[in-house]
Amino acid sequence: MFTLAEVASLNDIQPTYRILKPWWDVFMDYLAVVMLMVAIFAGTMQLTKDQVVCLPVLQSTVNSKAQPSTSGKADFTTVETTTGRKTNLDFQQYVFINQMCYHLALPWYSKYFPYLVLIHTIILIVSSNFWFKYPKTCSKIEHFVSILGKCFESPWTTKALSETACEDSEENKQRLTGAQSLPKYVSTSSDEGSPSASTPMITKSGFKFSADKPLIEVPSVTILDKKDGEQAKALFEKVRKFRAHVEDSDLIYKLYVGQTVIKTVKFIFILCYTANFVNTISFEHICNPKVEHLIGYTQFECTHNMAYMLKKLLISYISLICVYGFICLYTLFWLFRIPLKEYSFEKVREESSFSDIPDVKNDFAFLLHMVDQYDQLYSKRFGVFLSEVSENKLREISLNHEWTFEKLRQHVSRNAQDKQELHLFMLSGVPDAVFDLTDLDVLKLELIPEAKIPAKISQMTNLQELHLCHCPAKVEQTAFSFLRDHLRCLHVKFTDVAEIPAWVYLLKNLRELYLIGNLNSENNKMIGLESLRELRHLKILHVKSNLTKIPPNITDVAPHLTKLVIHNDGTKLVVLNSLKKMTNVAELELQNCELERIPHAIFSLSNLQELDLKSNSIRTIEEIISFQHLKRLTCLKLWHNKIVSVPSSITHIKNLESLYLSNNKLESLPAAVFSLQKLRCLDVSYNSIALIPVEIGLLQNLQHFYITGNKVDVLPKQLFKCVKLRTLSLGQNCITSIPDKVSQLLQLTHLELKGNCLDRLPATLGQCQLLRKSGLVVEDHLFDALPPEVKEVLNQDTSIPFANGI
């Protein structure tokens with residue numbers, strides 16, 4: 001027979017699974033153990049003791065019972081003859097009859113009752129623990145129990161809940177002080193239309209606050225070292241992946257319901273058929289083995305020695321089964337009373353202030369319901385790792401540990417404008433130490449999705465330029481007030497217009513705004529850009545996008561805008577009528593807008609000084625005659641187009657000082673260009689020009705001449721009459737010689753000759769007082785062929801000559 005320890009091992013579940021066993025499962029396990037003890041005890045009794053004892057029924061005794069005495073007195077002679085009568089059976093015959101009658105006369109339930117109890121109990125035990133063993137569920141359960149235990153014991157859980165408790169106590173104190181103690185900027189239901197009400201929500205130390213609430217410094221309760229922080233980060237990732245894996249099915253729930261139904265059906269089956277056999281277990285039995293030819297008797301009376309004990313054990317077993325069944329029915333009631341495939345952390349959210357803990361569903365929800373039956377504290381501590389606020393707080397702490405003030409100071413650099421600049425890239429947030437760099441001029445935040453700007457930014461008094469590259473930063477109320485009053489330049493790079501922070505449109509003292517991203521949505525049918533009317537001091541607006549028309553909201557700042565730049569990335573800009581309202585625009589750039597002609601709306605900009613139409617599809621510029629109305633136009637950039645010729649009407653632009661026609665399809669330069677007496681810069685690089693007209697000598701104010709990448713083979717002597725030339729780019733042409741008259745260019749500082757057909761350089765280059773080797777772009781062998789005295793002059797220190805020249 002089995003020992004109790006061997007059979008009880010069937011009910012031995014790993015201790016870690018105890019958190020998934022509610023009280024009814026635990027109670028049913030104990031009942032199963034008691035039923036095992038009943039089965040083993042009954043089986044042991046049957047094996048160790050004689051089963052039945054049988055004696056033959058004598059015929060005379062039967063007759064005497066069948067024919068009672070007719071006299072009123074007892075027949076003592078008969079009694080004496082029947083009492084103690086020998087049966088003449090030997091021991092082997094008794095053994096034989098006992099065995100025969102055990103199988104023939106004894107009811108089957110009396111013989112197999114212990115084994116049936118054992119089998120039923122084993123089935124119930126297997127049914128109770130099947131969901132822990134089934135391959136498709138056991139892996140999920142093991143993973144869940146492992147994560148749950150780590151989340152429960154994680155130092156981060158204790159820290160987060162402790163800080164929440166501190167925060168709640170601080171909020172209670174605030175409530176006790178009354179409404180009169182609230183700061184002025186706290187919004188109420190009556191001031192929803194105020195600017196502060198439109199300020200976006202912010203977060204402080206990982207917990208959500210309104211921008212209108214006073215800031216509360218939460219004390220640090222525990223110190224989280226780097227190792228604990230990394231473990232907590234790993235737990236957040238595990239919980240996220242486990243949730244995605246488990247929430248897509250309800251197999252665990254169905255399996256648990258199924259095994260509970262099986263146990264209930266099993267209980268009903270056992271109770272129904274067992275109750276019929278209680279009375280069949282008796283002490284006396286009549287046996288007719290039909291072996292008279294061996295024994296000499298036809299009928300025997302047998303006694304079942306264990307009948308009394310087995311009957312008591314059977315009644316006990318039925319009682320246990322009834323209790324077990326009622327618990328099964330209660331379990332079914334619990335399973336269908338509430339929706340176990342949905343779990344809400346509403347209570348946890350109220351107690352912990354983690355208002356963003358999401359509700360879960362399917363198997364994830366069912367497992368949490370089971371855990372609640374063990375201890376609700378597990379779910380509360382587990383919810384910390386479902387909260388994005390908690391995860392952001394952890395990232396913030398880890399970030400501040402890693403990015404100290406000293407490390408940030410090492411990343412500060414000087415930009416081209418000689419300003420102190422800090423560029424932070426792909427961090428989980430903005431380190432607090434950043435706002436201790438009070439002398440910082442430029443702050444660049446790139447790919448930081450959880451960037452928060454706290455009130456400490458108000459101590460960065462030198463900060464005037466901010467870059468937000470794919471970084472929808474949130475600001476606190478005090479920080480917003482500081483940025484609104486001090487920020488002068490803002491760069492925002494985004495994928496969708498919705499990523500532009502709402503507070504950007506309220507920076508009333510902003511001077512420069514750079515927007516880079518997609519401003520179109522729904523296949524270019526709608527342009528989504530909020531009102532810019534609050535930007536009353538905006539002077540420069542730079543938009544790099546894919547517009548089909550100029551956004552109407554730009555007209556809100558049109559009256560005081562002085563520079564407008566639109567880079568359209570190859571999307572055709574069709575509607576330009578809004579330009580007429582920008583009467584004060586001095587600089588206008590419409591680059592890569594697929595323009596085929598110069599827009600007529602430009603001719604209304606009477607204050608325009610610089611026009612840049614780079615990288616369009618302009619072929620003809622006959623409209624240039626209308627530029628005569630732009631009296632202040634001094635710079636015209638028509639480079640990187642498809643212009644074939646320049647009309648003579650260009651002479652009407654009397655005040656033109658810079659003309660850029662590079663990267664076009666020009667084959668010649670009209671004489672009209674050289675009538676522009678104020679022209680100081682002429683760029684015709686990368687065309688197909690073969691001849692420099694002699695009229696170039698008329699440009700006495702010309703300082704910069706670029707004709708690189710053309711087909712020029714001869715330099716006219718009149719070129720060297722432009723004695724104010726400082727830059728002369730002649731590279732990548734077919735020039736065979738440089739005239740000696742180059743020495744007349746006394747102010748020349750940059751001379752490009754590389755890529756021509758020169759065999760020598762004139763020695764008169766040494767007479768160009770400001771020209772040095774760094775400004776001479778030529779092949780090395782041509783420079784080496786110069787006379788030593790010329791090379792010595794060109795190699796002189798540039799500081800003194802340049803100073804004299806300036």
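These legends walk through several close-up views of the structure above. The model is predicted, so local features need pLDDT of at least 70 and side-chain atom pairs count only at pLDDT 80 or more, while totals for chains, interfaces and linings use all residues. Residues are numbered from 1 along each chain as its sequence is written, and side-chain values use heavy atoms, with hydrogens and water left out.

Trp23, Phe27, Val323, Tyr330 and Phe333 make a nonpolar surface patch of about 490 Å². Patches are built from residues with over 30% relative accessible area and no salt bridge, joining like charges within 9 Å and nonpolar side chains (Val, Leu, Ile, Met, Phe, Trp, Tyr) within 5 Å. The accessible areas come from the Shrake-Rupley method with a 1.4 Å probe, and for residues only the protein chains shown count as cover. Helix H2 (23-48) and helix H12 (307-337) each supply at least two residues of the patch, and H12 gives the largest share, 3 residues. Helices (H or I, at least four residues) and strands (E, at least two) are DSSP runs, numbered from the N terminus. Look for Phe27 in helix H2; Phe27 is partly exposed, with a relative accessible area of 37%. Here, buried means under 20% relative accessible area, exposed means over 50%, and partly exposed is in between (1.4 Å probe, protein chains only).

**View B. The disulfide of Cys54 and Cys302.**
Counting a disulfide as a pair of cysteine sulfur atoms within 2.5 Å, the total comes to 2 disulfides. One of them joins Cys54 to Cys302, with 2.0 Å from S to S. This pair links distant parts of the chain, 248 residues apart: Cys54 is in strand E1 (residues 52-56) and Cys302 in strand E5 (residues 300-304). The torsion about the S-S bond is about 110°, so the Cys54 and Cys302 disulfide is right-handed. Both of these cysteines are buried.

**View C. The disulfide of Cys101 and Cys287.**
Cys101 and Cys287 are joined by a disulfide with an S to S distance of 2.2 Å. Because Cys101 lies in helix H5 (residues 91-104) and Cys287 in strand E4 (residues 284-287), the pair ties together parts that are 186 residues apart in sequence. With -90° about its S-S bond, the Cys101 and Cys287 link is left-handed. Cys101 and Cys287 are both buried. With the bonded cysteines of the chain numbered in sequence order, the pairing reads 1-4, 2-3.

**View D. Cys757, too far for a bond.**
The closest cysteine sulfur to that of Cys757 belongs to Cys734, 5.6 Å away, which is too far for a bond. Cys757 is partly exposed, at a relative accessible area of 48%.

A salt bridge is a side-chain nitrogen of Lys or Arg within 4 Å of a carboxyl oxygen of Asp or Glu, and a search of the whole structure finds 19. One of them pairs Glu623 with Arg597, whose closest N and O atoms are 2.4 Å apart. Glu623 lies in the loop between strand E21 (610-612) and strand E22 (635-637), and Arg597 in the loop between strand E20 (587-591) and E21, so the pair ties together parts that are 26 residues apart in sequence. Glu623 is buried, with a relative accessible area of 8%, whereas Arg597 counts as partly exposed at 46%.
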